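Here is a brief report on a protein model.

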Amino acid sequence: MTEPVAPGALDGVTILDFTQLLQGPVATQVLADFGARVIKIENSGLGDIGRRQGITQNGMSYHWAANNRNKECVSVDLKSPDGLAIVRELVASADVVTSNFRPGVMEKLALGHEELAAINPRIISAFASGYGRTGPYRHRRGQDLALQAMGGFLALTGHAETGPVPAGTWIVDYIAGMQFAIGILTALAARERTGRGQVVDTSLLNASVAVHFQEGTEFLNTAGDFPRPISPLAHAHQSALYGVYETAEGRHVALVGEYYVDRQWWRVASALGEPDEVTGDPRLQTVAGVIEHEHEAVAILRAAFARHSLDDAIARLEEHDVLATPVNGYPEVFADPQVLHNGLIAETTHEVVGTLRLVGPPIALSETPATVRTAPRLLGEDNIAILRELGYDDDRIARLHADGVLGGVHRGVTA
């Protein structure tokens, strides 16, 4: 387990976290990594839906573990007066309450911003949702693939031959989670000046639209379109010099030959050993020319890459100052020396699986770095400790558990 080397940047900030799955837990984990105290509030039955996603080992989901380190876990029945009372006591000393239910759910639990602010005027109520807290779609279900489609992201993916191709991971959820974290941090910064809390409102829809803000800005000002390129090119309006090609052994290389250099076609074709009549073809000496003759250029480059191994192709291109990188699978990614140097593999110990390796914090601060301090917790693992902090005696805690107000792990208390 990595021990903190200095107080975290967010030490002293307490977050009550009602979020589930990915969009919300991504945000609260980032804040927890930097020292915020995140108390995850889960229902007293099965807990976070994410606990049952993906591959599990001894009952622990690795998908869930990826987003829930450095948090404390309390499991209570929010529909019971006693369970709600526990949460309200925690709100009194909290800084932020986060949730990613559909709009209106927190209000039905009597935990909307007005109710929270009545308890704690400095509270920041941070809501993540599919579409936003207001507007015509506020009650619709939100989900990553649906919002990849609806927000325009899928309009830019795939090739002319394939049509739209979804991202291979929950990309909108992750981007929305990072935007959620930014919103919370901004509200905390504003409170330092004003002394007042406020509402943070972020959504999957906003994330899906914002991720292609450059194309969106161009469209809004020119009504330009972005046709899918032919395979294997990467983006609309790019040339054969910007795409992904298969090499002799069946691996792939990402070619970034349009940027950073002059004589783009000549450099790439020369690196790959094409004859003078190809490297010097007057039709292909500008990027515009390569675009005009893209089918012929793609055919030449496909054949050229097919003659070289991945390592050989990249070495040749680097000699000609052309950027090219391997398309790495997970074995290559997590053995890469720069990935290792950047601390993107973290290790801790989990009660039910033993050694647990996680993707490490992606943001580095020189004085108050992110740290992995505790493993993802079992459901309700911190019930007793947190209720004792609130002044509950062991008899009362035992009764709450016996009455079903508390859920999850219960190792007993000493009366």
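## Cavities

The count comes to two cavities of 30 Å³ or more. A cavity is a set of points, on a 1 Å grid over the protein atoms alone, where a 1.4 Å probe fits but cannot get out; lining residues have an atom within 4 Å of a point. A volume is the space filled by probe spheres set on the points, which are joined across faces, edges and corners. This is a predicted model: local features need pLDDT of at least 70, side-chain atom pairs count only at pLDDT 80 or more, and totals for chains, interfaces and linings use all residues. Residues are numbered from 1 along each chain as its sequence is written, and side-chain values use heavy atoms, leaving out hydrogens and water.

The largest cavity has a volume of about 50 Å³. Its lining includes Ser99, Phe101, Arg102, Phe127 and Arg133. Helix α4 (105–108) and strand β7 each give two or more residues to this lining. Strand β7 gives the most, with three. Helices (H or I, at least four residues) and strands (E, at least two) are DSSP runs, numbered from the N terminus.

The second largest cavity holds about 30 Å³. Val30, Asp33, Phe34, Pro361, Pro362 and Ile363 line it. Five of these are nonpolar, none is polar and one is charged. Ala, Val, Leu, Ile, Met, Phe, Trp, Tyr, Cys and Pro count as nonpolar; Asp, Glu, Lys and Arg as charged; the others, Gly among them, as polar.

## Pockets

A pocket is an open set of points with protein on both sides within 12 Å along at least five of seven lines. The largest pocket holds about 1900 Å³. Of its 49 lining residues, Leu22, Val26, His63, Asn67 and Trp170 are the closest to its centre. Helix α1 supplies the largest share of the lining, five residues. By class, the lining has 25 nonpolar, 17 polar and seven charged residues.

The second largest pocket has a volume of about 390 Å³. Its lining has 18 residues; Leu156, Glu215, Phe226, His235 and Ala236 lie nearest its centre.

## Sheet

Six strands form an open sheet in the order β5-β2-β1-β6-β7-β8, with parallel pairing. Two strands pair if DSSP finds at least two bridges between them. The edge strands, β5 (71–76) and β8 (199–203), each pair on one side only. Three bridges join β1 (14–17) to β6 (96–99). Leu16 stands opposite Val97 in β6.
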